[in-house]
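Please look over the sequence and the structure, then read on.

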Amino acid sequence: MPRNILALDFYGSTITAALAAVDDDTRTLRIRHVLRRTCRSFSGAFVRDMAGAEEGLNKVFAEMNEYINADPSVVVGLRGNFLSFKSSSGFKSIDTRNRIIGDREIDEAIRNSVPINLSDTLEVVDILPQSYMIDGNTGILDPKGMAGFTLEIGTFLSYALVTHLNNLNNVLSACNCPEYALLPSSVALGETLLTEGEKRSGALLLDLGEESVSALLYNKGILLDGLELPYGLNRRAEAVADLLQNDVETAQEVLNGYEPGADEIMDEVIEDAESKMLQGINKEILQAFCLHLKYPSPNLILCGSGATKQMVKTAKAIFNAKKARLGVVDHLISDCPADNPAYTGALSLIRHTLEREQNQLGVAQTKESGLFTGFLDKLGQLFEH
């Protein structure tokens, strides 16, 4: 029997959501309904006002409830500069008599990648395994069932500020959402939209939102670093206002109602404004990724509500990428129009969660503070309805 998964994602003051029906027997994923709802009580996944955020989420749940006949599993995507990222590694000595590596040993190695001196102000929300080494031997794809004395796992850790995370948890609990998994939206996007070839040769993912930008850097198949910037397309509106010598509110109204190609001069103004915005983003990325980004990434992938073909063309030149493209979630069966770039994050959260569940990879956090679900075969318990 198909099960339902609801993904919640946040772009600035807009909640985006996607409801999917999953048939495990046929391994098909059908998108039942998508929506976008403005809620200025959110800024990304940061809660500005508890009562307003609760009201906005309840409206989302009420609309989605029209398309399901049983409680869905819920995956919540985290965005915002209260997130931080770090590459790490964990070790585990195999102390069983026959030295066979199983789920317990892998799980402990993953947990051991969390620094013991982690600040009390931070909480781990996701641990993504990336590489495995047994007795110093690299290139292992799956260590389960193999024999060895020591296991090392390279991981990518995602942290969130405890105070902001607790506010989001409290809003979801107030909305009678009893169980949900938390995942960084950018990690779901990177793992879903990028090809293995792009990850190996080097890739930079940019997720452009209204008030935020998420960036992920890959090289040699490994996710190296991530960044959350507290500005996005609003910087484009500011640049347009400067160029037109107008106020930001008027510039934003012009942008909202403008169709590309309607006016040649306005097209040039917008292109210049986007160039200025992307140059600012590039400067921030070069500073944040200076330890890893010695040379420009050959592959640039843009996604999110602000991604357009013209933006890709401009960004390719600014970031000095050999190849640039739009990132889209493809091969979907959909009962509704779901091709708007703003839905990419929510769709990626669904796809990424299912892939990790199927492959039994990673450690994700549930609503209970400090609780890890273990391997996503345990997270799969959240999906058994």
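## A hairpin and its turn

In this predicted model, strand 8 and strand 9 form a hairpin, and two residues lie between them. Most residues other than glycine have a negative phi. Asp135 is not a glycine, yet its phi is positive. Its place is in the loop between strand 8 and strand 9. Asp135 counts as partly exposed because its relative accessible area is 37%.

Strand 8 covers residues 122–134, and strand 9 covers residues 137–140. The two run antiparallel and are joined by two bridges. Ile134 has Asn137 of strand 9 as its bridge partner. Strand 8 also pairs with strand 10 (residues 150–161), again in the antiparallel sense, and here 11 bridges join the two strands. Within this pairing, Leu128 is bridged to Phe156 of strand 10.

Strands of a sheet pair through backbone hydrogen bonds, either parallel or antiparallel. What is the order of the five strands that form an open sheet? The order is 14-13-12-15-16, and the pairing is mixed. Strand 14 (222–229) and strand 16 (323–326) are the edge strands, each pairing on one side only. On average, neighbouring strands of this sheet are turned by 15 degrees against each other, with direction ignored.

Strand 12 (residues 203–208) and strand 13 (residues 213–219) are antiparallel and pair over six bridges. Ala203 has Tyr218 in strand 13 as its bridge partner. Helix 9 (residues 309–318) lies across strand 12, strand 15 (299–303) and strand 16. The helix runs at about 160 degrees to strand 16.

## Leu302 in strand 15

Leu302 lies in strand 15. Is Leu302 buried or exposed? Its relative accessible area is 0%, so Leu302 is buried.

Residues up to four places away in sequence are left out of the contacts of Leu302. Those that remain are Leu206, Leu208, Ala307, Met311, Val312, Ala315, Arg325, Leu326 and Gly327. Leu206 is 96 residues away from Leu302 along the chain, but the C-alpha atoms of the two are separated by 4.9 Å.

## Glu274 in helix 8

Helix 8 (residues 264–288) contains Glu274. With a relative accessible area of 5%, Glu274 falls under the 20% limit and is therefore buried. Which residues is Glu274 in contact with, leaving aside its neighbours within four places in sequence? They are Arg236, Gln310 and Met311.

## Two helices in contact

Helix 4 (residues 185–193) packs with helix 10 (residues 344–359) at an angle of about 70 degrees, and their axes are 8 Å apart. Helix 4 is therefore roughly perpendicular to helix 10.

On the side of helix 4, the contact is made by Ser185, Val187, Ala188, Leu189, Glu191, Thr192 and Leu193. Helix 10 contributes Thr344, Gly345, Ser348, Leu349, Arg351, His352 and Glu355. By kind, the residues of this contact divide into five nonpolar, six polar and three charged.

## Cysteines

How many disulfides does a search of the whole structure find? The search finds zero. Cys303 is in no disulfide, and the nearest cysteine sulfur, which belongs to Cys336, is 19 Å away. A disulfide would need the two sulfur atoms within 2.5 Å.

Cys303 has a relative accessible area of 1% and is therefore buried. Cys290, at 48% relative accessibility, counts as partly exposed.

His331 is another residue that is not a glycine and has a positive phi, here of about 55 degrees. His331 is found in the loop between strand 16 and strand 17 (333–334). Is His331 buried or exposed? At 75% relative accessibility, His331 counts as exposed.

Note on methods. Residues are numbered from 1 along each chain as its sequence is written. This is a predicted model: local features need pLDDT of at least 70, side-chain atom pairs count only at pLDDT 80 or more; totals for chains, interfaces and linings use all residues. Side-chain values use heavy atoms; hydrogens and water are left out. Axes are lines fitted to C-alpha atoms, for helices over the stretch in contact, and angles run from 0 to 180 degrees between N-to-C directions. Helices (H or I, at least four residues) and strands (E, at least two) are DSSP runs, numbered from the N terminus. Angles under 35 degrees count as roughly parallel, over 145 as roughly antiparallel, 65 to 115 as roughly perpendicular and the rest as oblique. Contact means heavy atoms within 4.5 Å. Ala, Val, Leu, Ile, Met, Phe, Trp, Tyr, Cys and Pro count as nonpolar, Asp, Glu, Lys and Arg as charged, and the others, Gly among them, as polar. Buried means under 20% relative accessible area, exposed over 50%, partly exposed in between (1.4 Å probe, protein chains only). Two strands pair if DSSP finds at least two bridges between them.
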